[in-house]
Amino acid sequence: MCNIMSFRNQRSSNMKYILVLTSLLSYAAFSSDFDDTKVLAEQGDAWRQFRLGWMYDNGKGVPENDAEAFEWYRKSANQGFRSAQFSLGRRYWSDDGVPENSIRAYMWLSAAESQGIIIAGNYLEKLKSQMTEQQIADGQTLAAKCYESDYKVCSVLISSADYSE
């Protein structure tokens, strides 16, 4: 019986080491992935910019940082990357790392929806029910200008807009 208990204790101890090692290797993999992703993101790759934003957003390979996540999502969204546009719209709607702003949320969610992110349309419907007619009109105006510029001036439009909600 002692041999069985000793074996079980050793097995349990080995499993703990395996779990710790797996966690460390996983972190190292994300760290390496982070470094590779950052290089390509800094070179302007929209997918890598989105991925880097996601990594900052979720603390994968780097400590969580809402400001960094937002900046990388913004860079990607300005290149027309629809997932980044959806992420920005959701952030502006839910006060997630940026001040809540329904007009900015409307613009980014509209951009994402126009590119096929179906769930963005669901968010827009809920958002519109919380907005005034004037806010909706302002959001539509920004969304149209953003779309017409091929998403290149979206951040400029919202950073120069002075909306108080």
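1. In which loop does Asn 78 lie? In this predicted model, Asn 78 is found in the loop between α3 and α4. With a relative accessible area of 15%, Asn 78 is buried, because buried means under 20% relative accessible area. If its neighbours within four places in sequence are left aside, the contacts of Asn 78 are with Trp 108, Asp 150, Tyr 151, Lys 152, Cys 154 and Ser 155.

2. The overall fold may be considered next. The chain has eight helices and zero strands, and its pattern along the sequence reads α-α-α-α-α-α-α-α. Of the 165 residues in the chain, 39% are buried. Among the contacts with a separation of 6 or more, 52% are between residues 24 or more positions apart.

3. The largest nonpolar core contains 38 residues. Tyr 56, Met 107, Trp 108 and Leu 127 have the most contacts inside this core. At least two core residues are supplied by each of α1 (2-42), α2 (46-58), α3 (66-77), α4 (82-94), α5, α6, α7 (133-148) and α8 (154-160). The largest share, eight residues, comes from α5. Trp 108, one of the residues with the most contacts inside the core, is also among the contacts of Asn 78.

4. Two packed helices are described by the angle between their axes and the distance between the axes. For helix α5 (residues 102-114) and helix α6 (residues 118-128), the axes come within 9 Å and cross at roughly 155°. The two helices are therefore roughly antiparallel to each other, since angles over 145 degrees count as such. Their crossing is left-handed.

5. Which residues of α5 and α6 make this contact? On the α5 side they are Ser 102, Ala 105, Tyr 106, Leu 109, Ser 110, Ala 112 and Glu 113. On the α6 side they are Ala 120, Gly 121, Tyr 123, Leu 124, Leu 127 and Lys 128. Sorted by class, the contact has eight nonpolar, three polar and two charged residues. Leu 127 of α6 takes part in this contact and is also one of the residues with the most contacts inside the largest nonpolar core.

6. Ser 114 and Arg 82 are 32 residues apart in sequence, and their C-alpha atoms are 8.8 Å apart in space. Leaving aside neighbours within four places in sequence, Ser 114 is in contact with Tyr 147 and Tyr 151. Tyr 151 is also among the contacts of Asn 78.

Definitions and conventions. Residues numbered from 1 in each chain as written. Predicted model: local features only at pLDDT ≥ 70, side-chain atom pairs only at ≥ 80, totals over all residues. Heavy atoms only, no water. Axes fitted to C-alpha atoms, helices over the stretch in contact; angles between N-to-C directions. Helix = DSSP H or I, 4+ residues; strand = E, 2+ residues; numbered from the N terminus. Parallel < 35°, antiparallel > 145°, perpendicular 65-115°, else oblique. Left-handed = near helix turned anticlockwise from the far one by under 90°. Contact = heavy atoms within 4.5 Å. Nonpolar A, V, L, I, M, F, W, Y, C, P; charged D, E, K, R; others polar. Core = buried A, V, L, I, M, F, W, Y, C linked by side-chain atoms within 4.5 Å. Buried < 20%, exposed > 50% of the residue type's maximum accessible area, 1.4 Å probe, protein only.
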